[in-house]
Amino acid sequence: MHITIDNLENASIFTLIFQHIKGFSDFVNLTFQEEKLYIQSMDSSKISVFEVNLKKSFFSNYDFEGSQTIGINVTLLHKILNIRNKKQKIDLQVEDGGDKLHLEFCS
């Protein structure tokens, strides 16, 4: 799986999504599907479930087939995304069947 966000506005939106999610939940599931990235979690009090759908068109490159879910600590992911320079693009990779998310910032 290889996803790229070349549009700087979309890269900022992607970072902003996780900034807001960290106020609700500590962990989320990122489900990579053929047509979208689906994010789902529950708030810490287990009262509300929230979902985010980012369609394939949101990304500059969305090279993925099938479906794969990885769980991730939102606070940690947001800290990593927050160090991105506003002029850097985001590159995400997950190996097939892997449980590791590789995140790279590119200028």
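Visitor: Start with a pair. In β3, which residue is the bridge partner of Phe 32?
Guide: Leu 37 is the partner of Phe 32. A caution on the source: this is a predicted model.

Visitor: Noted. How many bridges join β2 and β3, and in which sense do they pair?
Guide: They pair over 4 bridges, in the antiparallel sense. The two strands form a hairpin, with 2 residues between them.

Visitor: And β3 with β4, how many bridges there?
Guide: The count for β3 and β4 is 7, again antiparallel pairing.

Visitor: How many residues sit between the strands in the hairpin of β3 and β4?
Guide: That hairpin has 6 residues between its strands. Lys 46 takes a positive phi there, near 65 degrees.

Visitor: Zoom out. What is the strand order in the open sheet with β3 and β4?
Guide: The order is β4-β3-β2-β6, 4 strands with antiparallel pairing.

Visitor: Why is one side of β4 and of β6 left without a neighbour in the sheet?
Guide: Both stand at the edges with a single partner strand each, so one side of each has no neighbour in the sheet.

Visitor: By how many degrees are neighbouring strands turned against each other?
Guide: On average by 20 degrees, with direction ignored.

Visitor: Back to β2. How does it pair with β6?
Guide: β2 and β6 are antiparallel and share 7 bridges. Within this pair, Thr 31 has Thr 69 in β6 as its bridge partner.

Visitor: What does α2 touch on that sheet?
Guide: α2 packs on the sheet and touches β2 and β6. The direction of α2 makes about 85 degrees with that of β6.

Visitor: New topic, the open sheet with β7. What is its order?
Guide: It reads β5-β1-β7-β8. That is 4 strands, with antiparallel pairing.

Visitor: Which are the edge strands?
Guide: β5 (61-63) and β8 (101-106), each pairing on one side only. From one strand to the next, the twist averages 15 degrees.

Visitor: How many bridges for β7 and β8?
Guide: There are 6, in the antiparallel sense. Leu 92 has Leu 103 in β8 as its bridge partner.

Visitor: Which strands here does α1 touch?
Guide: α1 packs on this sheet too, touching β1 and β7. Its direction makes about 60 degrees with that of β7.

Visitor: And α2, which strands does it lie across here?
Guide: α2 lies across β7 and β8. It runs at about 20 degrees to β8.

Visitor: Now the largest nonpolar core. How many residues?
Guide: It has 28 residues. Phe 14, Phe 18, Val 28, Leu 30, Phe 32, Leu 37 and Phe 59 have the most contacts inside it.

Visitor: Which elements give two or more residues to this core?
Guide: Both helices are on that list, α1 (8-21) and α2 (74-82). The strands are β1 (2-5), β2 (27-33), β3 (36-42), β4 (49-55), β6 (67-73) and β7 (89-94).

Visitor: Where does the largest share come from?
Guide: From α1, which supplies 5 residues.

Visitor: Last one. What does Leu 30 touch?
Guide: Leaving out residues up to four places away in sequence, Leu 30 touches Phe 18, Leu 37, Tyr 38, Ile 39, Gln 68, Thr 69, Ile 70 and Ile 72. Among these, Phe 18 and Leu 37 are also on the list of core residues with the most contacts.

Key. Residues numbered from 1 in each chain as written. Predicted model: local features only at pLDDT ≥ 70, side-chain atom pairs only at ≥ 80, totals over all residues. Heavy atoms only, no water. Core = buried A, V, L, I, M, F, W, Y, C linked by side-chain atoms within 4.5 Å. Buried < 20%, exposed > 50% of the residue type's maximum accessible area, 1.4 Å probe, protein only. Contact = heavy atoms within 4.5 Å. Pairing = 2+ DSSP bridges. Axes fitted to C-alpha atoms, helices over the stretch in contact; angles between N-to-C directions.
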